[in-house]
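Here are a few notes to read alongside the model.

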Amino acid sequence: MKAPEPSGNSDVSGWVPKGLRVGAALSWRFLVIVAALYVVVWIIGYLSFVVVPMAIALLLAALLAPAVRRLTELRMPRPLAAAVVLIGGLGVLGGLLTFVILEFTGSLPELQQQLNRSLDQVKDWLINGPLHLRETQIVDFVNNAVEFIQKNQASIADSALTTAGTVGEILTGFLLTLIVLIFFLVNGEEIWNFLMRGVPAPVRSRFDTAGRRGFTSLVSYVRATAAVAVVDGVGIGIGLWIVGVPLVFPLATLVFLGAFIPIVGAVVTGAVAVLVALVTNGFVTALVVLAIVVGVMQLESHVLQPLLLGRAVRLHPLAVILAITVGMTTAGIPGALLSVPALAVLNSGIRSLLNDRALQPKTEEATDDTEGGAEDDPEAPRSEPREPDRV
């Protein structure tokens, strides 16, 4: 079909093909959206010292809110229920950490003796083994290492100061997270209702339902993460027990706690287990433990997290893997920790908005829902909604 003639000397739009006009219109709109997202991400990064503690507090609230709700159903005042659950959670966490520290401290003298024996064995192997090193060479190596440390004392001191500053930031973030968590548990419903006042009245009920469904997905995510952490701790603990490594229970507990921090937590706690095996049982046992840790980590990364988290938050396993990878690449540990729950909340909220319903979901049985169930079927019969867990 012939393009229409331009209406005037200055109007050449008629000569532009329709496909090019549509492409240009889509392109500038896409660029505007990308620019807006870039500004949002930049603001979040600039205010990360506030955003990250708030996000972690929301994750902890998703973990503790069901317990608070159960206590309020028993006619316990909500502030008291929140205090009981929070103190109980801190007590359990403190107890686990105390158990790990006491076990390691109590075994420290024996570990030192075994470390000395291991060093003597390494020295004997270097001298009498295939390398046939002379004892003077080993002594020179040790002296060079000491000299290197002495020459770089300034750099080491600067690193220590940086580490001290990081510890201060972590403590500040912990206190902020604790304060925000208390308000989320006690006044979460009031905070959410206040935020909903800024939404236009005609769509307020839909946004309210979408937000509550997003929080339901967050509860499911936290439960699935806890299940993955249990599998990690039990799997590595059984492996350590089979090969005869001491401190099995403290190491398994340490792995369980570290599993809540994606990638880095598992690597650090697994390295501790390998180091203990190297000191106490020798090089071969350490290699076996390393193989066990790597195997469990592969099971977690490629099977447990995609399947359990994907089922819990209704995301495809590939989406879970990509979200963790992108979050770790762009924002480090906080990005890896918050990427999947953020994607789950957005996915659940957007699906709720698209389904155009104003019913409130049940949150206490969130993990029992399956893909394509009643939530996604507009014609499916529904029971009366109950008040969901507060944030």
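**Notes on the predicted model**

1. The axes of helix α1 (residues 18-46) and α2 come within 5 Å and cross at roughly 90°. That makes α1 roughly perpendicular to α2 (65 to 115 degrees counts as roughly perpendicular, under 35 as roughly parallel, over 145 as roughly antiparallel, and the rest as oblique). On the α1 side the contact is made by I44, G45 and Y46, and on the α2 side by S48, F49 and V51. Contact here means heavy atoms within 4.5 Å. By class, these residues divide into four nonpolar, two polar and no charged.

2. A word on provenance: this is a predicted model, where local features need pLDDT of at least 70 and side-chain atom pairs count only at pLDDT 80 or more, while totals for chains, interfaces and linings use all residues. Residues are numbered from 1 along each chain as its sequence is written, and side-chain values use heavy atoms, with hydrogens and water left out. Helices are DSSP runs (H or I, at least four residues), numbered from the N terminus.

3. Next comes the other packing of α2. Helix α2 (residues 48-73) and helix α3 (residues 78-106) have axes that come within 9 Å and cross at roughly 135°, with angles running from 0 to 180 degrees between N-to-C directions. The two helices are therefore oblique to each other, and the crossing of α2 and α3 is right-handed (the near helix is turned clockwise from the far one by less than a right angle). From α2, L64, A67, V68, L71 and T72 meet R78, A81, A82, V84, V85 and L86 of α3. This contact has nine nonpolar residues, one polar and one charged.

4. How many aromatic pairs does a search of the whole structure find? The search finds one: W42 and Y46, stacked at 5.4 Å centre to centre with 10° between the planes. For reference, ring centres must lie within 6.5 Å, and planes under 30 degrees apart count as stacked, over 60 as edge-to-face and the rest as tilted. W42 and Y46 are separated by about one helical turn because they are four residues apart in helix α1. Y46 is exposed, with a relative accessible area of 57% (exposed is over 50%, buried under 20%, partly exposed in between, with a 1.4 Å probe).

5. Finally, L346 lies in helix α11 (residues 317-355). L346 is exposed, at a relative accessible area of 53%.

Terms used: Ala, Val, Leu, Ile, Met, Phe, Trp, Tyr, Cys and Pro count as nonpolar, Asp, Glu, Lys and Arg as charged, and the others, Gly among them, as polar. Rings of Phe, Tyr and Trp (its six-membered ring) pair if their centres lie within 6.5 Å; planes under 30 degrees apart count as stacked, over 60 as edge-to-face and the rest as tilted.
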